[in-house]
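The structure is shown first, and the terms are defined as they come up.

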Amino acid sequence: MINKPKIIEKWQKRNKYGRPGTPLTAKKIAIHYTGSPDVPGHKTLSYFNNVVANGHKVNGKFVYASAHYIIDLDGTIYQLIPTTEICYATNSANSYAIAVEVATTGADNHYTDATYKSMVWLCAWLCQYKKLDCQKDIITHTDVVGKNYKLCPIYMVKNPDKMQQFKQDCHNLKEGKIRVSDITNCTAEGSVKIPKMIKVIQNVNYRTEPNFKATSIAGEATPGQIFTVVDLITKSEANMYKLKSGFYITASKKYVEEFIPKKF
Ligand SMILES: [Zn+2]
């Protein structure tokens, strides 16, 4: 059992733009981002509770928007709407999803250490409270609306391995495999460790350029092959190692693993 994280209640008044009072049976937890990095959570809170809730027009149309929770850059968790009522955040999933709006930082909209810790703690606790499965029931906004509609939260949509790790962290906390103090921000810059050597565990192409285009294929590496790594390229869609030979290979743990030579 994990304890409930500290939550600051800032209840939104009943209003048709954000808190209509419609009953919610929570089946999913959807995470979101505000659209820009380094927007303090308390500003988002004020926008929902003091602007949108009073009737706010953009381009002549009323805005309908809210979230159950907002997590700030310093890790503060605010709650605006009870989890027994719907909010307006996740389009067609509003009828079954709890929405968590999470502040992001940096050009890539990753999370501060404090924000990440609160995000894992809150989502793990919500899964425990609502009897949900962290692996299956924590979703992104984009999982509901598709990539053509919105990339939200953009960092998690662009880095699906980090979303996977985030759900794993939630699961591990919920199951008592880690403690809150053990939560490590997998989205922080420099969080990816570069191994000195890697071993291929599944057939995979090595490439002339750090991308996964057909034109960059240079040959196929086979299980058991060992390579020396000189760099990690994180700009491409997925991470790739630059090898001593000058070629590039995926950093996906599905295909390669760290190799530590035995010392004699
Ligand atoms: Zn969203």
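**Basis and burial**

A residue counts as buried under 20% relative accessible area, as exposed over 50%, and as partly exposed in between, with a 1.4 Å probe and protein chains only. This is a predicted model, in which local features need pLDDT of at least 70 and side-chain atom pairs count only at pLDDT 80 or more, while totals for chains, interfaces and linings use all residues. Residues are numbered from 1 along each chain as its sequence is written, and side-chain values use heavy atoms, with hydrogens and water left out.

**Cysteines**

A disulfide is a pair of cysteine sulfur atoms within 2.5 Å; by this rule the count is 0. For cysteine 87, the nearest cysteine sulfur belongs to cysteine 152 and is 12 Å away. Cysteine 87 is buried, at a relative accessible area of 0%. Cysteine 186 is in no disulfide either, the nearest cysteine sulfur being that of cysteine 170 at 9.8 Å. Cysteine 186 is also buried, at 11%.

**Zinc site**

His32 (ND1), His141 (ND1) and Cys152 (SG) coordinate the zinc ion at 2.1 to 2.3 Å. Donors are N, O and S atoms within 2.8 Å of the metal (3.2 Å for Na, K and Ca); water is not among the atoms, so sites may look incomplete. The sequence spacing of the donor residues is H-x108-H-x10-C. Histidine 32 lies in strand β2 (residues 28–32) and cysteine 152 in the loop between α4 (141–145) and α5 (154–158), 120 residues apart. Helices (H or I, at least four residues) and strands (E, at least two) are DSSP runs, numbered from the N terminus. Both histidine 32 and cysteine 152 are buried.

**Salt bridges**

The structure holds 6 salt bridges, each a side-chain nitrogen of Lys or Arg within 4 Å of a carboxyl oxygen of Asp or Glu. Arginine 14 and glutamate 85 meet at 3.8 Å, N to O, and are 71 residues apart. Arginine 14 is exposed at 55%, whereas glutamate 85 is buried at 9%. Arg14, Arg19 and Glu85 are linked in a network of salt bridges.

Aspartate 133 pairs with lysine 136 at 3.9 Å between the closest N and O atoms. Aspartate 133 is partly exposed at 29%; lysine 136 is exposed at 60%.

**Strand pairing**

Two strands pair if DSSP finds at least two bridges between them. β12 (residues 226–233) and β13 (residues 240–243) are antiparallel over 4 bridges, with valine 229 opposite leucine 243. β13 also pairs with β14 (residues 248–250), antiparallel over 3 bridges. In the hairpin of β13 and β14, 4 residues lie between the strands, and glycine 246 in the turn has a positive phi of about 100°.
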